[in-house]
Amino acid sequence: MNNNNLLFYLLLLLLASTLSSSSSEDFKNTSYATRARHLLEDNESQAQTIVDLAQGYMTNADLERAIKEFGQRCSNISRIYSIGKSVNGVALRVIEISNKPGEEETEPAFKYIGNVHGDEPVGRELLIFLANWLCDNYLKDPLATLIVENVHLHILPSMNPDGFSLRRRGNANNIDLNRDFPDQFFPVNDDEDSRQPETRAIMNWLRDIRFTASATLHGGALVANYPWDGTEDKKTNYYGTPDDDTFRFMASIYSHSHYNMSSSMEFPGGITNGAAWYPIYGGMQDWNYIHAGCFELTLEVSDNKWPNAAELPVIWRYNKMSMLNLVASLVKTGVHGRIYSSGDGKPLPGFITVSGINYTVRAGIFFADYHRILAPRDRYQVVATMPGYKSKNTSIWLDEGPVTLDFVLDAEVSVKGSVLQNVYDCNCNSKCRQEFVQFLWGVHLELYFGFILVLGFFCLLFQRRVKAKSSRAKRILVV
């Protein structure tokens with residue numbers, strides 16, 4: 001090999017080395033740049049995902065505006081009020097829907113609560129859908145009219161507005177509000193001062209209003225959950241309340257009215273006992289039943305906690321009849337009535353129990369009205385009590401429809417008291433009584449017999465007219 005050839009090969013080697021070094025460096029730079037771009041895209045993707053979750057949903061400001069606009073548009077059947085504020089000072093506004101909003105009546109009250117968990121916002125959207133549907137269809141749709149005229153419906157779209165803003169389960173203090181209530185088995189949350197403001201607001205709300213039933217709307221599954229939510233031994237076992245049949249009936253109303261909840265493969269019939277699913281402690285539905293006389297369900301209304309906002313109208317359509325039928329069940333079934341005193345006819349704020357069920361329902365203070373939810377197709381012995389009065393009971397057969405059952409209680413008589421008193425407070429002696437009897441059996445005897453016959457005839461006509469008007473109507477007076 002001559003010198004020229006050797007020089008040529010040396011130049012080729014040098015050029016190859018340079019190209020190799022350059023290519024290697026370019027590759028490293030390219031690889032780094034690509035990797036950096038992917039990392040940046042991932043971060044952007046995560047940020048975009050967070051933004052997309054809320055896109056199309058009402059912000060807290062939007063929700064506040066929607067509630068106020070509803071109150072103005074539907075002022076004839078609604079009122080807007082606040083039960084308190086969140087940790088960050090957001091008002092917990094409630095929509096009450098009734099033909100006499102804000103008035104005390106002998107009607108049952110029902111409440112819906114949404115957005116208990118901040119990252120489960122579907123409920124707050126559905127509840128605005130519900131309110132607007134009732135307003136738009138009152139006096140047009142029989143179910144809407146039934147609810148508006150016979151139930152006081154209270155809607156709290158968001159119990160946890162701070163958690164919604166933060167896109168997380170807990171509130172601004174990162175506390176799970178559905179674990180913040182006093183528990184029946186364990187001394188958790190017994191210190192009232194340590195409870196979250198949202199929790200205290202709910203508890204005070206139930207002290208002010210005597211709710212018959214309630215439901216909270218959650219996301220992450222598709223099932224109607226009923227108490228108990230926990231067990232004494234903390235094991236995952238079925239643990240039913242004294243009103244287990246009634247709760248199963250209520251949960252079934254929701255699941256079977258739903259588009260597909262009752263066809264669940266995971267939950268037979270689309271319902272589940274809370275403790276049999278997974279036990280929790282400090283839950284709201286158990287507290288409602290124990291301390292407020294309120295039968296509450298926990299409704300999981302969407303498998304996806306945060307579905308695309310475009311799906312919300314479809315989810316509303318799937319849940320619409322369930323939400324309506326659950327509220328309407330308060331007046332379509334169960335036992336309802338009032339408790340009176342036989343002495344002066346005044347209402348008695350007594351108590352109603354059902355034999356075999358260890359649970360007491362308190363009658364209202366002003367009208368002494370009560371509303372006892374019970375599973376239909378069964379016989380019940382209903383007992384009315386009031387301190388200072390003799391208890392009374394009667395047996396009823398509860399069909400598909402409701403039963404109105406009024407009680408008239410007699411005052412207990414002390415040893416020194418008198419069983420009977422004259423209407424006019426007259427202290428009549430035996431001579432007065434003899435003269436009164438002689439008067440009755442005197443010349444006026446024929447008039448009294450005639451009056452009794454006429455009265456009996458009108459009573460017979462009245463009974464026939466009532467039966468003709470409604471063969472299903474049931475009203476019973478226990479005296």
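The chain folds into 12 helices and 16 strands, where helices (H or I, at least four residues) and strands (E, at least two) are DSSP runs numbered from the N terminus. This is a predicted model, so local features need pLDDT of at least 70 and side-chain atom pairs count only at pLDDT 80 or more, while totals for chains, interfaces and linings use all residues. Residues are numbered from 1 along each chain as its sequence is written, and side-chain values use heavy atoms, with hydrogens and water left out.

Of the 479 residues in the chain, 43% come out as buried; buried means under 20% relative accessible area, exposed means over 50%, and partly exposed is in between (1.4 Å probe, protein chains only). Among contacts (heavy atoms within 4.5 Å) with a separation of 6 or more, 71% are between residues 24 or more positions apart.

Now to the charged pairs. Searching the whole structure turns up 17 salt bridges, a salt bridge being a side-chain nitrogen of Lys or Arg within 4 Å of a carboxyl oxygen of Asp or Glu. One of them pairs E105 with K100, with 3.9 Å between the closest N and O atoms. E105 is buried at 16% relative accessible area, whereas K100 is partly exposed at 37%.

Another salt bridge brings K305 and D119 together at 3.8 Å, N to O. K305 is partly exposed, at 29% relative accessibility, and D119 is buried, at 16%.

R475 and D406 also pair up, with an N to O distance of 2.7 Å. Because R475 belongs to strand β16 (residues 475–478) and D406 to strand β15 (residues 403–409), the pair ties together parts 69 residues apart in sequence. Elsewhere, salt bridges with shared partners join D119, E120, R169, D176, R179 and K305 into one network.

Helix α9 (residues 284–291) is largely enclosed by the rest of the structure, because six of its eight residues are buried. Those buried are M284, Q285, D286, W287, N288 and Y289. Just past the helix, G293 takes a positive phi of about 65°. Within α9, D286 stands out as a buried residue with no salt bridge; R179, the nearest side chain of opposite charge, is 10 Å away. For charge, Lys and Arg count as positive and Asp and Glu as negative, with His and the chain ends not counted. Leaving aside residues up to four places away in sequence, D286 touches Q184, P227, W228, D229 and G230.

Helix packing is the last topic. The axes of α2 (residues 60–73) and α3 come within 11 Å and cross at roughly 15°. That makes the two helices roughly parallel, on a scale where angles under 35 degrees count as roughly parallel, over 145 as roughly antiparallel, 65 to 115 as roughly perpendicular and the rest as oblique. Axes here are lines fitted to C-alpha atoms, for helices over the stretch in contact, and angles run from 0 to 180 degrees between N-to-C directions. The α2/α3 crossing is left-handed, meaning that the near helix is turned anticlockwise from the far one by less than a right angle (clockwise would be right-handed). On the α2 side, N60, L63, I67, F70 and R73 meet R124, I128, A131, N132, C135 and D136 of α3.
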